[in-house]
Amino acid sequence: MIFTKNKFIVSTLLMFFASTSMCYAESTTWVFETGASEYDVDSYTSEFGNQLSVDSDNDGTVDLTIEAWASTGCGLYCGNDNEVEQGYASTNAWGLLNNNLDEGLSNNSSHTVDNKGGDVDMMLLSFTESTALTGIDLGWAYNDTDISIAAFSNLPTLSGNTWAEIATQSIFSASFSNIGTSPYTLVNEVSNVVVEAQYWLVGAYTSVFGNLGSNDDSYDDRIKIASITTETTASTPVAEVPEPSTIMFFALFGLILVSRRKSTK
């Protein structure tokens, strides 16, 4: 009888400890449209090689940085157009833009994240912690809306490499066909486990990150990224357990001591 009681108490304690460190998903929507109330993107330079920064919770700490990259070589009529180099990242009322080295900085609002002319544009998203990229919303699109994404556990080496070489550095990559301009859910799972990474590439379709096969309609994809949605797995620390739960723990511990004393009589 005493053994049964102790077994019940131990089981209850295990449930208590499990409940004090439960994991949950924190969802964040990152808005890049300049007119949106949630917009909080800063850029401190207006030159190629710049970086956008985002403070999602307005605590003075940058939570996300964004860079523009494209397979332009070192610019118009210069170098190997298969090699990736950094362009200029910016935003407008429809979202993120990529001004690559072949296009220049003029007429900024007309720029897109695209793959026209063989130059594949990508945006590098660098988070402060590993996160799952779960959704995307395009604020504007023309011609077609095929996209590619790739995840990296370490900051990828982009400059001077081809997209195919960069793909070998990724822990996950995928392409999606004709996602349109409504919020779109991104499926990024490996063996039914959601992929979390600190670094993500998001941009126009390229087959090296996932071949669409018969769904590749060969049209140029030209998009502006209004927002993305991420989810981060977090753990509730034991220190945050409410006071009633702490009292329950000591009460159960006391019952075990009493039961042990009775069993020795």
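Colleague: Thanks. Is N178 buried, partly exposed or exposed?

Modeller: Keeping in mind that this is a predicted model, N178 comes out as partly exposed, because its relative accessibility is 40%, and that value lies between the 20% and 50% cut-offs.

Colleague: Where is N178 found?

Modeller: N178 is in the loop between β11 and β12, where β12 covers residues 184-185. Its phi is near 45 degrees, which is a positive value in a residue other than glycine.

Colleague: And what about N143, what is its phi?

Modeller: N143 has a positive phi of about 80 degrees, although N143 is not a glycine. This residue sits in the loop between β9 and β10, and N143 is partly exposed, with a relative accessible area of 44%.

Colleague: Let's switch to S175. Buried or exposed?

Modeller: S175 is found in strand β11, and it counts as buried because its relative accessibility is 15%, with the cut-off for buried being under 20%.

Colleague: What does the side chain of S175 make a polar contact with?

Modeller: The side chain of S175 makes a polar contact with the side chain of S148, at 2.8 Å, and the side chain of S175 also reaches the backbone oxygen of G210 at 2.6 Å. If you leave aside its neighbours within four places in sequence, the residues in contact with S175 are I147, S148, Y205, T206, F209, G210 and L212.

Colleague: Zooming out, how many helices and strands are in the chain?

Modeller: The chain has 3 helices and 16 strands. Of its 265 residues, 43% are buried, and among the contacts with a separation of 6 or more, 73% are between residues 24 or more positions apart.

Colleague: Which residues touch the most other members in the largest nonpolar core?

Modeller: Those are F32, W200 and I225, in a core of 32 residues. The elements that give two or more residues to this core are β3 (52-54), β4 (64-70), β9 (121-142), β10 (147-152), β11 (172-176), β15 (197-204) and β16 (222-235), and β9 gives the most, with 6 residues. Apart from this core lies another one, of 14 residues, which includes V84, L124, L158 and W163.

Colleague: Why would nonpolar side chains be buried together?

Modeller: I can only give you the general pattern, which is that nonpolar side chains in soluble globular proteins tend to be buried together.

Colleague: New topic, pockets. What volume does the largest pocket have?

Modeller: The largest pocket has a volume of about 190 Å³, and its lining consists of E26, T28, W30, S56, D57, D63, F127, T128, E129, T131, T230 and T232. At least two of the lining residues come from each of β1 (23-31), β9 and β16, and β9 gives the most, with 4 residues.

Colleague: How does that lining divide into nonpolar, polar and charged?

Modeller: The lining of the largest pocket divides into 2 nonpolar, 6 polar and 4 charged residues.

Colleague: And which residues line the second largest pocket?

Modeller: The second largest pocket, with about 160 Å³ of space, is lined by N115, G118, V120, Y205, T206, D216, S218, Y219, D220 and D221, and these residues divide into 3 nonpolar, 4 polar and 3 charged.

Key: Residues numbered from 1 in each chain as written. Predicted model: local features only at pLDDT ≥ 70, side-chain atom pairs only at ≥ 80, totals over all residues. Heavy atoms only, no water. Core = buried A, V, L, I, M, F, W, Y, C linked by side-chain atoms within 4.5 Å. Buried < 20%, exposed > 50% of the residue type's maximum accessible area, 1.4 Å probe, protein only. Polar contact = N/O pair within 3.5 Å; in protein donor to acceptor, adjacent residues only side chain to side chain. Contact = heavy atoms within 4.5 Å. 1 Å grid on protein atoms, 1.4 Å probe; cavity = no way out; pocket = protein on both sides within 12 Å on 5 of 7 lines; lining within 4 Å. Points joined across faces, edges and corners; volume = space filled by probe spheres on them. Nonpolar A, V, L, I, M, F, W, Y, C, P; charged D, E, K, R; others polar.
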